[in-house]
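Please study the sequence and the structure before reading each solution.

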Amino acid sequence: MTSGYDSNNIFAKILRSELPCHRVFETADVLAFMDIMPRAPGHTLVIPKAAARTLLDVTPTSLGALILGVQTVAAAVKTAMKADGLTIQQFNESAGGQVVFHLHFHVIPRWEGEAMRPHTAQMAPVEELVAHAARIRLALDAA
Ligand code: AMP
């Protein structure tokens, strides 16, 4: 059920361990890692392991595992980052704002009165990504 899936996209390479990531959560079906250009500190991406370009290309089974992964990671991100709330985003095709063409959900912690940074605006320092990934993994271990 994949339309126009390019197996050389960045997230496919991360799944094949050809590119590194700051991993926070993994199951047989789902991988979660830090967004390298976070819209807020702790911004995490959750992706299915199965190839799918957009939300319209994923099988029901893979989507079920993915959305459960999103909920698990969202709870850990909120706890770890002491957030007041969460924004969950998911973009489809260029017209919908998608930049990487492997289905993914954004989990973005939010604090009262604090705006999100623009999409893909600035790379975070590696030390920050490492520290936030560690905090989120601790929250997952404690859950
Ligand atoms: P979009 O496809 O519009 O949902 O956005 C793709 C997201 O992937 C952006 O938020 C990027 O900052 C993020 N991103 C791009 N390359 C990487 C990478 N190598 N590791 C982690 N996040 C990435």
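**Exercise 1. Determine where the ligand sits and how much of its area the protein buries.**

Solution. The model is a predicted one. Next, examine the polar atoms. An oxygen atom of the ligand lies 2.5 Å from an N or O atom in the side chain of H104. A backbone N or O atom of G97 is found 2.6 Å from an oxygen atom of the ligand. For I36, a polar backbone atom is 3.4 Å from a nitrogen atom of the ligand. Finally, consider the area: the ligand taken alone exposes 500 Å², of which the protein buries 94%.

**Exercise 2. Describe the shell around the ligand by residue, by class and by element.**

Solution. Second, sort the shell by class, which gives eleven nonpolar residues, six polar and one charged. Third, assign elements: α1 (10-15) and β2 (30-34) each contribute at least two residues. The most comes from α1, with three residues.

**Exercise 3. Locate Q90 and list the residues that Q90 touches.**

Solution. Start with the position: Q90 belongs to the loop between β4 (85-89) and β5 (105-110). Then inspect the side chain, which is joined to that of N92 by a polar contact of 2.9 Å. Leaving aside residues up to four places away in sequence, Q90 touches L55, L103, H104 and F105.

How values were computed. Residues numbered from 1 in each chain as written. Predicted model: local features only at pLDDT ≥ 70, side-chain atom pairs only at ≥ 80, totals over all residues. Heavy atoms only, no water. Near = heavy atom within 4 Å. Polar contact = N/O pair within 3.5 Å; in protein donor to acceptor, adjacent residues only side chain to side chain. Areas by Shrake-Rupley, 256 points an atom, 1.4 Å probe, with all protein chains shown as cover. Helix = DSSP H or I, 4+ residues; strand = E, 2+ residues; numbered from the N terminus. Nonpolar A, V, L, I, M, F, W, Y, C, P; charged D, E, K, R; others polar. Contact = heavy atoms within 4.5 Å.
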